[in-house]
Amino acid sequence: MSDASDPTRRDDPNGRDSSSAGDRTPPAVAVVDAETPGNVGTIARAMKNFGFEELLLVDPPELDPDGEAYGYAGHAREDVLPNATELSFDELAENYHTIGCTAVTNEDDRSHMRYPYSTPANLAERLPTVEAPTALVFGRERVGLTNEELAQIDEICSIPASEEYPVLNLGQAATVTLYELRTLTLPETGTQLPNLERTRAPEPTLDRLYGQWGALLEELNHPDEKRDKTMRMLRRVFGRADLTEREANTLLGVLRRATERPAED
């Protein structure tokens with residue numbers, strides 16, 4: 001088995017050299033003895049969603065291009081699924097730093113088969129330091145990975161879930177894990193979400209906004225003894241809102257109309 005801190009060269013089954021950090025690739029996803037083709041397709045689709053490309057299959061069911069695996073895979077039917085590599089569990093353990101994904105550890109430091117363990121969020125922070133080809137290993141739908149298989153696994157990952165019912169189905173477990181690890185595959189600008197960076201309105205614009213609020217309070221004959229307190233409250237509210245320049249200018253326009261309206265009446 002591999003050691004996460006082993007700096008020696010290791011080659012994966014596809015001939016990649018992982019001897020330097022710059023050559024590292026995102027983790028592969030290995031599915032062991034899947035019971036249904038649909039689960040393989042579901043995992044391939046989750047891989048496509050979150051930028052993972054290398055699918056490894058141990059004792060897979062038949063994957064008919066016209067069957068449910070390809071039907072469930074979405075756009076992953078075009079690359080992830082047809083490019084999957086079939087291998088034995090021994091080959092998987094020998095050539096990859098393996099991370100077994102299991103719902104329940106049921107063990108502590110007195111029993112080492114599944115201990116210690118990481119959460120997917122922990123892995124996202126630590127996997128970039130692993131100088132070896134890495135594979136996330138998902139077991140069977142009903143029984144997961146056997147104790148014999150776990151004995152060959154380098155480490156364990158478990159998804160935090162309700163103590164009353166922590167068991168996820170295979171597709172759910174893979175999707176949650178890959179989502180948490182998306183930072184290893186997707187650049188910050190590599191998702192469908194718009195850029196959420198906000199540019200705060202310049203201080204002169206905010207000062208005009210507060211000045212307009214003051215003018216409105218005066219126009220409304222807001223009690224003199226309450227105006228300072230009201231203005232402090234408004235500054236706190238808008239300070240937490242972190243207004244953009246467009247938002248501040250829109251509010252300024254509304255306040256000007258509101259201030260001028262009483263005079264029109």
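**Close-up views of a predicted model**

**View A. Helix 1 and its cover.** Strand 1 (28–32), strand 2 (55–58), helix 2 (68–72) and helix 6 (170–180) are among the elements covering the buried residues of helix 1, where contact means heavy atoms within 4.5 Å. Helices (H or I, at least four residues) and strands (E, at least two) are DSSP runs, numbered from the N terminus. Those buried residues include Ile43, Ala44 and Met47; buried means under 20% relative accessible area (1.4 Å probe, protein chains only).

Residues are numbered from 1 along each chain as its sequence is written, and side-chain values use heavy atoms, leaving out hydrogens and water.

**View B. The largest nonpolar core.** This core holds 34 residues, and Val29, Met47 and Phe138 are among those with the most contacts inside it. A nonpolar core is a set of buried Ala, Val, Leu, Ile, Met, Phe, Trp, Tyr and Cys residues joined through side-chain atoms within 4.5 Å. Helix 1 gives the most to this core, with five residues.

**View C. Helix 6.** Here the buried residues are Leu170, Gly171, Ala173, Ala174, Thr177 and Leu178. They lie on the same side of helix 6 because they cover an arc of only 165° around the axis, taken from the directions from the helix axis to the C-beta atoms. Their cover includes strand 1, helix 1 and strand 4.

Note on methods: Predicted model: local features only at pLDDT ≥ 70, side-chain atom pairs only at ≥ 80, totals over all residues. Buried < 20%, exposed > 50% of the residue type's maximum accessible area, 1.4 Å probe, protein only.
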